[in-house]
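Colleague: I would like to understand how the words we use for a structure are tied to computed values. Could you take me through some of them, one by one?

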Amino acid sequence: MNKTACPLDCYDACEIVYEDSHITAQKSGHTKGFLCPHLNHYEEFKQIQSPIYEGKEISMDEALLKLKEIINSCEKDKLLHYKSAGNFGFMQSVIKHFFASFGATLTDGNLCDGAAEAGIIEGRGSNKNMPLSQIEKSEVVILWGRNPHTTSSHLLPLLKDKKVIVIDPVKTKAAKMADIYVQIKPRGDLEFAMLLSRFLHIEHGHDEEYLKEFASDYEDFYELTQTIRIKATLDKIDVTLGDIGDILAMVKDKKVAIVCGVGIQKYRNGDEVMRAIDAFAVNLGLFGKEGCGVAYLGNSSDRIISPFSTTKKLVSKVDTKFSDFDTVFVQGANPLSQMPNTQSVKNEISKVKNLIYFGLYENETSKVANLVIPAKNFLYKSDIRTSFSHNSMLEMPKQKDTDLGISEYELSRYLCDEFDIEIKSESEYLKHFKNFGQIKNESNLIVQGIEEIPYKDGFDTDTEEFLFLEEFEAFDPDNEKLFLITPKSAKSLNSQFKRDNHVYLNASHGFKNDDKVIVESAIGSVELEVKVNNNLREDCVLIYSGTEGVNNLTTSLHSYEGKCAIYQEEMVWLKAI
Ligand code: SF4
């Protein structure tokens, strides 16, 4: 029996067992004996079987020679390495070491959670996460835009016997089981969080002793909340005073975990939304106490120094101008599907002379690449990972050999040797990362120095106090248009695995299942088949992330803070065909 871990970019970071060629869940620990469909069917998803150059299958040796030739022929400042987080192992980034040392440009920016992370850091001074082990100890859990049945199923066992509040524009499975459900209008979260703080203050439910010590500007923040016009705002965000009263009654003097999803921050001011939710938690005195806090996506690299990090030439992966480069090496990413504003990405990528795709699965980007190099999946290489929802460090030793593909380390080693760049052995790098772990129990590791209860001794700002918002940007929706919601689906992880191809609409729009409809935004349009879903608000259009064409609709602007994509910024409208 061999222990390893799921490599995917997911909250849960499950511990798995690989035995007799089968992937199963580890029974102990947070994985609790079950995995999600992605890992249950992992080996059924067909990987790219051979390297391909200009449409023709070639051997790996030929592919490596071709890659060397292409890099050799390219001016350093015309070479881009574009990487995303298809696999979460630390060793995935060893390729950055080659490209940064060679003098290429690399990417930064964020296609996921960066706006809210920026808001967290503005308020708390750091992004330390409330781990699952603390959520387990809470009495009330607020799922704020988080759908655990789809994105974090290992939260579900922890919700048993707790009061659950769901705030979400979509009536999710969790919402149907919740004690309180608020089907808020999208983009209403910021003002709702501020109104919760305001009424908490009015009812003297705020934790004054805590605030005086850790957030002494709380009266100024209360004044800011008073600038909100109550009736007009409640109408705008579709929330009632009763909702506010019910929530406050349930959370006051309780151990509360506020568990947020990424949907709340897919807007230009995503940082402010998160900071307002954090402020509500601060007013309740939730940080630094057992079973209390805010869980979002913690910084999974907290306390870990990667030898592969670089601050050398970087361009954003949100609005990359690919045409500035002759050669683009894409790793663990599918920009032609997952970057916003697909039409513009298509135009940009079509101007690249040499597009190289390195990954596991065929997708929109691999299909137009000049050179495709298959990667090895996590069972065939060694790696190590951490998580953004718990503090474990999980080793992922190689389980078996294969002739298919090449690992990130093997590819980097080849390139470094060919271009005379120093590289350490794979085991040295693995040891480097493992050294940031400490034994927890038996042979399990946790990341050294991570606090089980974050912010126990105050915040990580210069003053060690929480910094409240001093101003905020209220959003006034165009009521003629519809909100676009782009969550993850249960069967895919962005553009990996079983992708959806529908648009989901409330029946009030008059469409039936299988009708075709055009969804338009100021950026572009997409034609999709309808699925009627009355769990959606009438003013929402839901298209899952990874659906082909969804990013025709989205803008390539960044969030104001956090250099993050803002997939839900554009409002949309429908056209019958
Ligand atoms: S729930 Fe997440 S971590 Fe667990 S198996 Fe599925 S994708 Fe992997």
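Colleague: What volume does the second largest pocket have?

Modeller: This is a predicted model, and in it the second largest pocket has a volume of about 400 Å³. Its lining comprises 22 residues, of which H30, S133, H390, S392 and K440 are the closest to the centre. By class, the lining divides into five nonpolar, 11 polar and six charged residues.

Colleague: Why is S138 called buried?

Modeller: Buried means under 20% relative accessible area, and S138 has a relative accessibility of 5%, so S138 counts as buried. This residue is found in the loop between α5 (132-135) and β8 (140-144), and, leaving aside residues up to four places away in sequence, S138 touches K162, K255, V256, A257 and G291.

Colleague: What makes α9 largely enclosed by the rest of the structure?

Modeller: Of the 14 residues of α9, 13 are buried, and therefore the helix is largely enclosed by the rest of the structure.

Colleague: How do you know that the span of α9 is close to the expected one?

Modeller: Helix α9, residues 189-202, reaches 20 Å from its first C-alpha to its last, and the span expected at 1.5 Å a residue is 20 Å. Just after α9, H204 takes a positive phi of about 55°.

Colleague: Which residues surround the ligand?

Modeller: The ligand is surrounded by C6, L8, C10, D12, A13, C14, L35, C36, H38, L39 and H154. By class, this shell has eight nonpolar, two polar and one charged residues.

Definitions and conventions: Residues are numbered from 1 along each chain as its sequence is written. This is a predicted model: local features need pLDDT of at least 70, side-chain atom pairs count only at pLDDT 80 or more; totals for chains, interfaces and linings use all residues. Side-chain values use heavy atoms; hydrogens and water are left out. A residue is near a molecule or strand if one of its heavy atoms lies within 4 Å of it. Ala, Val, Leu, Ile, Met, Phe, Trp, Tyr, Cys and Pro count as nonpolar, Asp, Glu, Lys and Arg as charged, and the others, Gly among them, as polar. Helices (H or I, at least four residues) and strands (E, at least two) are DSSP runs, numbered from the N terminus. Buried means under 20% relative accessible area, exposed over 50%, partly exposed in between (1.4 Å probe, protein chains only). Contact means heavy atoms within 4.5 Å. On a 1 Å grid over the protein atoms alone, a cavity is a set of points where a 1.4 Å probe fits but cannot get out, and a pocket is an open set with protein on both sides within 12 Å along at least five of seven lines; lining residues have an atom within 4 Å of a point. Grid points are joined across faces, edges and corners, and a volume is the space filled by probe spheres set on the points. The expected span of a helix is 1.5 Å times one less than its number of residues.
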